[in-house]
Amino acid sequence: MSFVIWILSLVRVLCNKNQGFASSLVMTEKDLINRIQLLKQVSPKDDWVVSTRAKLAFRLEMGRKKDLLNKDLFALKELFSSWGTNSPKLAWNAVYGVIIAFGLVLGGGVVTGIASIQSAPGSPLYPVKLSMEKARLIASFSEESKIKLQAEIVDSRLQELSVVVANQESAEQKAEKVTQVVDNIKEQLASANDQLSKSNQSEPKKVVAAAKVISEKASQFSKALAVAKESLPANIKPELDTKIAQVTETGKQADMKYLETMIANQNSAEVKKEDIVVKLNEEIQGLEEQVIAREKKIADQFSLADRLPIRAVLINQTEQSRDLLEKANQAVAAGDLAGALELIKAVKTIESGADKMVENADAPEVKGVATSSDMEKLEENPVKQ
Amino acid sequence: MDKFTEQQFLECYDQHVGKIYRYIYFRVNAEELAQDLTSEVFLKSWQSLSLKGVSNPRAFFYQVARNLVTDFYRKKDKTPISLEEITDKPISDKTASPLDLAAVSLDMNLVKQALRQLSPDYQEIIIWRYLDELETKEIAEILNKSEGAVRTLLSRALGELRGKLT
């Protein structure tokens, strides 16, 4: 069959008066250029373009971090060299903060310690407060006390955030302070999640309770951040938006960790199966809404010829997510809670990848695919049959 | 000229990766190798563009790509893949009939084979002008030649390609 098609096409090309072999004897420059432009159809594979971009972005970020680290090390050297020779200027940077905090914890300094506890972002004593918290975390030996302390720290950040939002300050000052809080909270939530993973699973009651507390705090914090974001003008949000998105993501991880912990301990008396089902259904419903929202976005933003290939990839991912969510629903109904959790995790991974693709595709021209201008030119100079 | 930020550089990547890949692909005629060399173009370019800006990043990417392809052939002492090895995957076009697809694919291969028979200088000038649609001025900048010399080269390259296709 393919041989017949090949023969037919060969005859067709040979018979083509404008462009084929026979006509090439009198091929005009325009015909020749049209034929060269057939090669425009050669383009890199979408998945290669996307993965190479991700690798490139990673390399760029790593390079930047390395530079920053080198700068910090240099600054640290400078700091300690001046310490030895001159009386140092007391800049409230992290190094001083840590030294003072350890001094307070070990030596029992009272006045500065109490003062720092009341300090808010932007205050000179705020780095001392953060360092004291770190020192307390290091000094607490049991997992339970560490998680409890982390929950307290998140509470503290929540209070600070509400103070920052309520303060009558310039937008820039406010944004700087919110950023400071957000940076710290992200660290705390990630550390709490990590701590939870290492928790002693022989005490399910404590582990589940801790996971619940962290999940609730993360949720409260996400809501507080949304409020804080609203209090700032749009022009200074972009960087903060990214950080808030990262914290929200960490919060979602905390939520998943809670669910995982409950399912891992579903046979213990402390965990109610109904609670797990409710939580799983909430997750599934949230993801279904996310899929619908992205589907709408695909329809609105990716209908241009420039974005057809990425649109095709996104639609495929949406279908996969829908399919997996359906299976997750079935697994919940069948009582396979661990199976449902795994399916939810798979959908989350797909969704996260799709979100990144949508985000990256906001650039004016999409990664190496045939652009609308290319398509228009091809339409103007179609392959003559 | 300002140095490039990461964001600007990634935007440049999005804009030019397809064309740089295509240029390299036609020069080396192997998909994986074209992918590797294209990645290298952007990594090497970042090293320069993050330290000093350039007025025309596209021309800069092509210069880096050109040097990498030249280095590749020089170091590995490789010759381009033989014509017999040049086969393309069928072009996927949902609107075209199998017959149309076969015809286009066949014609594409003929052009591609003819292009491969040209000297590297002729190949790249045709790719730049008619596939990537660079202006003569921009090609002159990449090749470090006058615009007149580029026009002459282009005319000869087209003449030779036409000869190969007849």
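**Helix packing in chain B**

In chain B, the axes of helix α1 (residues 6-28) and helix α5 (residues 120-131) come within 10 Å and cross at roughly 150 degrees. The two helices, α1(B) and α5(B), are therefore roughly antiparallel to each other. The model is predicted, and the predictor assigns the complex an ipTM of 0.78 and a pTM of 0.40.

**Confidence**

- Chain B has a mean pLDDT of 81, with 82% of its residues at 70 or more.
- Residues 81-96 of chain B have a pLDDT below 50, and this stretch has 21 contacts in the model beyond near neighbours in sequence.

**Overall make-up of chain B**

- Chain B has 7 helices and 0 strands, so the order of elements from the N terminus reads α-α-α-α-α-α-α.
- Chain B contains 166 residues, of which 36% count as buried.
- When contacts in chain B between residues at least 6 apart in sequence are considered, 63% of them join residues at least 24 apart.

**α1(B) with α5(B)**

- The crossing of α1(B) past α5(B) is right-handed.
- On the α1(B) side, the residues in contact are B:R22, B:Y23, B:F26 and B:R27.
- On the α5(B) side, they are B:P120, B:Q123, B:E124, B:I127 and B:L131.
- Sorted by class, the contact of α1(B) with α5(B) has 5 nonpolar, 1 polar and 3 charged residues.

**α2(B) with α3(B)**

- Helix α2 (residues 31-49) of chain B also packs with helix α3 (residues 57-76) of chain B: their axes come within 9 Å and cross at roughly 125 degrees.
- α2(B) passes α3(B) in a crossing that is right-handed.
- From α2(B), the contact takes in B:L37, B:E40, B:V41, B:K44, B:S45 and B:L49.
- From α3(B), B:P57, B:F60, B:F61, B:V64, B:A65, B:L68, B:V69 and B:F72 meet them.
- The contact of α2(B) with α3(B) comprises 11 nonpolar, 1 polar and 2 charged residues.

**B:D36**

- B:D36 is a residue of helix α2 in chain B.
- With 16 other C-beta atoms within 10 Å, B:D36 is partly exposed, because a residue counts as buried at 20 or more such atoms and as exposed at 12 or fewer.
- Between B:D36 and B:Y21 there is a separation of 15 residues in sequence and a C-alpha to C-alpha distance of 9.5 Å in space.

Methods:
Residues numbered from 1 in each chain as written. Chains lettered and ligands numbered in written order. Predicted model: local features only at pLDDT ≥ 70, side-chain atom pairs only at ≥ 80, totals over all residues. Axes fitted to C-alpha atoms, helices over the stretch in contact; angles between N-to-C directions. Helix = DSSP H or I, 4+ residues; strand = E, 2+ residues; numbered from the N terminus. Parallel < 35°, antiparallel > 145°, perpendicular 65-115°, else oblique. Left-handed = near helix turned anticlockwise from the far one by under 90°. Contact = placed C-beta atoms within 7 Å. Nonpolar A, V, L, I, M, F, W, Y, C, P; charged D, E, K, R; others polar. pLDDT = per-residue confidence, 0-100.
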